[in-house]
Amino acid sequence: MDSSEIKSPTEGSLQGTPGTSMNRKKLAIYFIESEDRRMAFGRGYTAGSTPVDIHGKSIVDLSKTGGWIAAFFIFGNEMAERMAYFGLSVNMVAFMFYVMHRPFTSSSNAVNNFLGISQASSVLGGFLADAYLGRYWTIAIFTTIYLAGLTGITLCATISKFVPNQEECDQFSLLLGQCEPAKPWQMTYLYAVLYITAFGAAGIRPCVSSFGADQFDEGSKNYKAHLDRFFNFFYLSVTIGAIVAFTAVVYVQMRYGWGSAFGSLAIAMGISNMVFFIGTPLYRHRLPGGSPLTRVAQVLLAAFRKRNAPFGSSEFIGLYEVPGRQSAIKGSRKIAHTDDFRFLDKAALQLKEDGANPSPWRLCTVTQVEEVKILVKLIPIPACTIMLNVILTEFLTLSVQQAYTLNTHLGHLKLPVTCMPVFPGLSVFLILSLYYSLFVPIFRRITGHPHGASQLQRVGIGLAVSILSVAWAAIFERYRRNYAIKHGYEASFLTAMPNLTAYWLLIQYCLIGVAEVFCIVGLLEFLYEEAPDAMKSIGSAYAALAGGLGCFLATIINNIIKSATGNLDKGQPSWLSQNINTGRFDYFYWLLTALSIVNFSIFLYSAHRYKYRAQQVHEMEKHEMAYSGSS
């Protein structure tokens, strides 16, 4: 066995002198590096995170690939996906209510589930991309699935056989629930194509942002600045897709019908797929590093097996790592050892009994252990954004019900109710457009950070603004409800009150738009930079998973509130009654405000404890230099 071994430490050197932390050597220096171990992992790899072409060969001249031109080809795919995502999220509730004759509550829950699946399933897409397919082929496969789902939805809205009879079904019959309901097979078909579309998003969400960021050269002195601007432009493309969905698609639906509206989404997705494939020669790729779940499982099992092995044992040789600059994981550089989650270090504990060619299920490299540590350390930050996604989900459905009772005229122009969610998109567009010229200089003076605010600071700002948004929603809803009761609109929850404008909703819309910009953009950049090299898609999937869990949590909260606050036997409507004027949406918004405050407190604690990887490595190097100087 060709290995360069660090001499086994004595027990005394590990214990050190009490009260002198400098005399305790770091476990990181006890490395054993084996050339055989590198081959045991198999598969071969390209050095570190060096970009390759579509055939897996190293790119000799990076100037001919990647950069902003390649990134813009990728932007189009995400723009079309979000256009379809938001187009379905708003229009599908109305389609199920007016065409499929489903109640508002079940329609909104079905759409929430669609939103949740489309985001939560991103973990699967991220896994496939990092483990086997790579980001390019994952996007290519799942965009095709997405297009197939949109085509199926278009057929449902176009062919009369797929929908119930629309004759003798006026607005009054809809309110009383007297319209012919959709047949079970019709709803089964609609749910099937809807969830196929959601599944198609699984490979797009976690990969598009990471694949776009892969196009920039990490060795460039402007890499950080390019990455910061990339994620802002990336979210700008998301916003443009949302704006088109809330305006142009709604216009097509009102002018030409549901089939044309959903068909326009399918056409946009098809065009974006072609644009994405045209850019293929320009893309830089990262080789998939093998199954990240397998590596995680190996670390956990190896750590469990050696849970009783002490670091001071005479059998202890060192912490295991391969020689050279590259790790044993394809497409990944080495990761420096840290003192977090010390129990996981047992997985890299090299003992004499391990022999010359140990199993990876018994002995893991330090880099492999650190990957697991990083994944664990990242969890609290995206978890704290789940509450923001709950609010975003509730606003998409509940605010539409509010808008139906309000005057949506803008001068002589009457905006459709389903156009109202465009205003958060417009606020996002405006903020992103002014971000570098207005917000960055202001925040730079306050924080001293070269980019205005750190990634975690931006996430915190977003969460704080989301609290203001939902609190304002509660205040206005109380006023709107009292106005409706006072002026005799209590039973007419689909009749607009002419003297109460819907543009009071703009305050909550604009605030949630600001929250979304700071929180989501900051989170995406944070996860990409902090995730291990071979797990970038998994890191991005954390953000999408938080969005999916937010949608599911919104459905769960809705169901709990309906069952806890409503009593049909006593004629007591729930807070989320279909008749918004007899319900108590204001109480519900205050509940979300309280939950958001608790969530924000947890985030502050988690962010205060978190150390960026670059900061952690710097502190370790400083500590080791101080130790070397004292010995």
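Start by selecting tyrosine 479 and tyrosine 483: they sit 4 residues apart in helix 16, so about one helical turn separates them. Keep in mind that this is a predicted model.

**Stop 1: the tyrosine pair**

Show both side chains. In this model the count comes to 39 aromatic pairs. In the pair on screen, the ring centres of tyrosine 479 and tyrosine 483 are 6.3 Å apart and the planes meet at 40°, so the pair is tilted. Tilted here is the class between stacked, under 30 degrees, and edge-to-face, over 60.

Now colour by accessibility. Is tyrosine 483 buried or exposed? Tyrosine 483 is buried, because its relative accessible area is 14%, under the 20% limit. Tyrosine 479 has a relative accessible area of 48% and is therefore partly exposed.

**Stop 2: helix 16 against helix 17**

Select residues 455-486 for helix 16 and residues 505-530 for helix 17. Two packed helices are described by the angle between their axes and the distance between the axes. Here the angle is about 160° and the axes are 7 Å apart. Helix 16 and helix 17 are therefore roughly antiparallel, since angles over 145 degrees fall in that class. The crossing of helix 16 past helix 17 is left-handed. Which residue classes make up the contact of helix 16 with helix 17? The contact has 20 nonpolar, 6 polar and 3 charged residues.

**Stop 3: leucine 524**

Stay on helix 17 and pick leucine 524. Leucine 524 has a relative accessible area of 10%, so this residue is buried. Leucine 524 and asparagine 232 are 292 residues apart in sequence, yet their C-alpha atoms are 9.8 Å apart in space.

**Stop 4: the aromatic cluster**

Select Trp68, Phe72, Phe75, Phe216, Phe230, Phe231, Phe233, Phe234 and Tyr528. Together they form one aromatic cluster.

**Stop 5: glutamine 253**

Move to helix 9, residues 223-256, and select glutamine 253 there. Glutamine 253 counts as buried because its relative accessibility is 14%.

**Stop 6: two arginines over rings**

Select arginine 82 with tyrosine 85. The charged end of arginine 82 sits over the tyrosine 85 ring, 5.8 Å from the ring centre. Then go to arginine 584 and tyrosine 587. Arginine 584 lies over the face of tyrosine 587, at 4.1 Å from the ring centre.

Terms used. Residues are numbered from 1 along each chain as its sequence is written. This is a predicted model: local features need pLDDT of at least 70, side-chain atom pairs count only at pLDDT 80 or more; totals for chains, interfaces and linings use all residues. Side-chain values use heavy atoms; hydrogens and water are left out. Axes are lines fitted to C-alpha atoms, for helices over the stretch in contact, and angles run from 0 to 180 degrees between N-to-C directions. Helices (H or I, at least four residues) and strands (E, at least two) are DSSP runs, numbered from the N terminus. Angles under 35 degrees count as roughly parallel, over 145 as roughly antiparallel, 65 to 115 as roughly perpendicular and the rest as oblique. A crossing is left-handed if the near helix is turned anticlockwise from the far one by less than a right angle, and right-handed if clockwise. Ala, Val, Leu, Ile, Met, Phe, Trp, Tyr, Cys and Pro count as nonpolar, Asp, Glu, Lys and Arg as charged, and the others, Gly among them, as polar. Rings of Phe, Tyr and Trp (its six-membered ring) pair if their centres lie within 6.5 Å; planes under 30 degrees apart count as stacked, over 60 as edge-to-face and the rest as tilted. Buried means under 20% relative accessible area, exposed over 50%, partly exposed in between (1.4 Å probe, protein chains only). A charge sits over a ring if NZ of Lys or CZ of Arg is within 6 Å of the ring centre and within 35 degrees of the ring normal.
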